Amino acid sequence: MRLILLGPPGAGKGTQAKMLKEKFKIPQISTGDILRQAVKDNTELGARAKIVMDAGQLVPDDVVIGLIKERIRQADCKAGFILDGFPRNIAQAEKLSETLIEMSLKIDKVIDLEVNAEEVVNRLTGRSTCPECGAMFHHISRPPKVSGVCDGCGGKLEQRLDDNRETIHERLKVYMESTAPLKEFYKKQGNLKMVEAKGSVEDIFSNVCKMIDV
Ligand code: AMP
């Protein structure tokens, strides 16, 4: 099973990808997570990516395409994978298609998580993440049992540097300009499925699963 999760920042791609990963036992490939890890590890890539990420812009296509090409060839991707945050524009989607053709593979479903801009701002400004296990919380809709501490592993919760109002607006603008056109791209290929990302995480997941089984 090879899936792509589309949707604006804050649509819940990461949360849904983690649930899909458990259900289908296939890896979640998040270019955002890979880049954030590179920033943490102080690599040359991380240093270059950080400036762009902090500004809410997209990291150059050749960088992320290179990362994805290498990642999907790894052994754990044999049974499939979930792309979370990639592709982010038409050029990336075209390169992905080319690479999959070379590998005689195809994407089974593209799930578009729909959420409006106002909700995105609410979700992201209240979001915190555990850097240890990746669990996500929200100070109103999903508060941790102990403030600032991950329920799952006890890690110290962090707020992403790009989850501030100014950068969120920039990320939304980039989404509208560069990423939203992918809906039309995948609609033409016939594998786009829309899911309204409203209600509980579990309800959204149930709708995502329905779309995958169709
Ligand atoms: P995300 O965790 O998916 O919200 O990504 C965080 C940031 O990483 C984005 O705002 C971009 O700066 C960068 N990024 C993640 N994925 C991509 C991608 N496919 N292409 C370009 N930049 C990306």
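Modeller: Here is that helix, followed by the ligand and its surroundings. This is a predicted model, in which local features need pLDDT of at least 70, side-chain atom pairs count only at pLDDT 80 or more, and totals for chains, interfaces and linings use all residues. Residues are numbered from 1 along each chain as its sequence is written, and side-chain values use heavy atoms, with hydrogens and water left out.

Start with helix H1, residues 13-24. Helices are DSSP runs of H or I with at least four residues, strands are E runs of at least two, and both are numbered from the N terminus. At 1.5 Å a residue, the twelve residues of H1 should span 16 Å, and the end C-alpha atoms are 16 Å apart, which agrees. The expected span is 1.5 Å times one less than the number of residues.

Lys13, Gly14, Gln16, Ala17 and Leu20 are the buried residues of H1. Buried means under 20% relative accessible area, with a 1.4 Å probe and protein chains only. Seen down the axis, they fall within an arc of 160°, so they line one face of H1. The arc is that of the directions from the helix axis to the C-beta atoms. After H1 comes lysine 25, with a positive phi near 55°.

Now the ligand. The largest share of its shell, four residues, comes from helix H2, residues 31-40. A polar backbone atom of glycine 85 is 3.0 Å from a ligand nitrogen atom. Arginine 160 has a polar side-chain atom 3.1 Å from a ligand oxygen atom.

Conventions: Buried means under 20% relative accessible area, exposed over 50%, partly exposed in between (1.4 Å probe, protein chains only). A polar contact is a pair of N or O atoms within 3.5 Å; within protein, one must be able to donate a hydrogen and the other to accept it, and residues adjacent in sequence count only if both atoms are side-chain atoms.
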